Amino acid sequence: MSLFLAILLRFVGLVALLLVNGVVLIYMLRKVLARLHLRIGPNRTGPWGLLQTTADVAKLLTKEDLRATPTDRLLFNTAPYLVFVPAFMAYIPIALSPVLVAAHLDTGPLFVFAVLSMVPLGVVMAGWASNSKWSLIGGMRAAGLQIAYEVPLLLSALGPVMIAGSLDPLRIVAAQSGTWLGFIPRWFVLPQIVAFFIYAIASQAETQQTPFDMSEAESELICGFSNEYGGMRFGFLYLAEFSNMFIASAVGTLLFFGGWQLPWVATPLWLAPIVFIVKVYIGIYFMMWARGSLPRFRMDQLLGFAWKVLIPVSLVWVVLSGVVIRLVSR
Amino acid sequence: MSDEPVTGVQSILPEGTQPTPMLPKGLKRVPSGVDQLATEHLILNVGPQHPSTHGVLHMLVELDGEEVIAAEADIGFLHRGIEKLAESRRYHQMGTILDRADYVSGFHTETAFALATEKLAEIEVPRKASWIRSLVMELNRCASHYVWLGPVGMDAGAMAPFLYLMREREMILDVLEAISGSRMMFNYVRPGGVVRDLPAGIDAPLRAWLAIADKYLGETEDLLGGNEIFRARMKGVGVIAPETALAFGMSGACLRSSGIDFDLRKARPYCAYGEIDFDVPLGTVGDAFDRYKVRVEEIHQSVRIVRQLLDGMPEGEHTSKVAKALRPPAGEVYAAVESPRGELGIHLISDGGPTPYRLRLRSPAYYNLGVADELLAGGLIADMIVSLGSLDIVLGEIDR
């Protein structure tokens, strides 16, 4: 197989994964929220409403590409891609199984966090270029929020990385095989429980979901930074949000829940991607649960929480676990 | 810094004409003053199409970043001239338009009007009619508070409680529909009594609601008032001092949450309230959280009242004999009821004709909204939304 073909195939595979994820996640969000809200959710288009999101994507794709005259043309058109492309790139080092990975990067989680830190740039750009006050406030909020929560997100990933002694997703997962005392799965969530909660909170903020959906804040900013977007440009912004949810849950699974491994038994290679996806979707379900039942923070409370609580706690935790790991490994 | 109005239309106006200032007094595009940058305050139009203005309220807000410097409520988008229309309606027809004033709790406006007419024409009301009026008003109060509590949760970002409360509200609306024939536009209370007796078998669905009301409301309380985030959002936000509340003529839960004990049901008992045992919850601080607590407790009290009304419902006629073309003697009366939003009064002037000479509606939400300019300045955008929501405004009643 030529190199070009291999790259092309991987690219197509990633796009397929991202799109299918987006469609499935939007359907899942609607159904999960509906269950939490005593509603029914989509049930008209296709069996159990399964084709509803497909129909929505078709609608977005065929909509007229509108741009209001006072918007900044170049920035307005570029912003959705600046949000979408990092979300797409973040899929690259996600290993679904020991062999099923687009590119084997030694610095997997670091790469994901690095590309995702470009997202606020696109969001601010969208808010600014829209030339709407609502979008501007939404964009500014998103930037402040994501910068604040990126720090604890990174710090919380340090614990598992220190235990595994590597940033390589394969080695992190391999370090989580086997059991402690013969019956406790050797998943990092147990020794790193504090780091896991910090990761869960920070990733909920990074994916901009309630209680951290500052940039959208429907009851305040109507739709935040994506106010002026329609058609597929909005579709990109929306899709990026859902793909970030998948990424957050996938990285969490790799770092804390043993990746593609089943507890207690050896996982056959063909089963690994399925186990991984199931774990990721369970994580996403919990994110949606929080989204469906919690109110929203205020902006200052949110930033105060990040800088005054999460970051100090995660710093102390990093030092603590560093010392303990050093003592244990002796 | 300049006090001059924005004069963008100056060029097309005839010479010598002064343009209408586009910004109301108090809102200025001034330099921000945060730092030495050449930034200026942002004037933001909130509404009339905005998810959190509870109808068609338009707010002009002066922002410094996220901070609200000044805010002004602009009303009138739902003005239908109800007071003027009332001058061409006969007394028994009035329910249809008065229901549409406060569309969330129509029974209160209807009853206020009926009480005013009865006072003017000196009509005796059968005891049963009074009890039925109290019953439907209390049910309506619960329905109205449900539809306040849910959206205030949504203002704070919680979607689920809203839909849970809709379930209970639907139970009440089914009962009210069985009683009056309509879910919200009842036209049921008339001068002299009520249109029909309570339908047979209304007991069962009412008792079904009574059985779950306190429990389900408790669940919602756990989700909202028991939630750390919700408390942080509501506590200390939108504080109304008792003096301010009195100065603005506020009433209802907004006044009581500031610690002033004034409830028309106790202060000037009407209908069956003199014979019923219930408490009036009071707040202490006067912030948004107190208003939340007071309204939730009011629902519990209403449940108590409905139970008593149902148990002690007297026998007898549901209305007295009233001429269809009622011509009250010339005169002037004022009658008020405690609506979910406060003192809802009808000021009625008759010249002896078949229609009122003048009808004025004292709409409580109008007075409660008056405090907005004072209340919203100084908070953040998020505080503004929560404070505004906590006032429980109904634009149909404010604009009339």
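Visitor: How much of the contacts in chain B with a separation of 6 or more comes from residues 24 or more positions apart?
Guide: Those residues account for 69% of such contacts. Two residues are in contact if their C-beta atoms, placed from the backbone, lie within 7 Å. This is a predicted model, where local features need pLDDT of at least 70, side-chain atom pairs count only at pLDDT 80 or more, and totals for chains, interfaces and linings use all residues. Residues are numbered from 1 along each chain as its sequence is written, while chains are lettered from A and ligands numbered from 1 in the order in which they are written.

Visitor: Okay, and how is chain B divided into domains?
Guide: There is domain 1 (24–74) and domain 2 (82–399) in chain B; the bounds come from an automatic or database domain assignment.

Visitor: How far apart do their C-alpha centres lie?
Guide: In chain B, the centres of domain 1 and domain 2 are 32 Å apart. Their contact takes 14 residues from domain 1 of chain B and 17 residues from domain 2 of chain B.

Visitor: Which strand gives the largest share of the domain 1 side in chain B?
Guide: That is strand E3 (residues 67–74) of chain B, with 7 residues. Strands (E, at least two residues) and helices (H or I, at least four) are DSSP runs, numbered from the N terminus.

Visitor: New topic! How many helices and strands has chain B?
Guide: Chain B has 15 helices and 8 strands.

Visitor: And what box do the C-alpha atoms of chain B fill?
Guide: Roughly 75 × 55 × 35 Å, taken along the principal axes.
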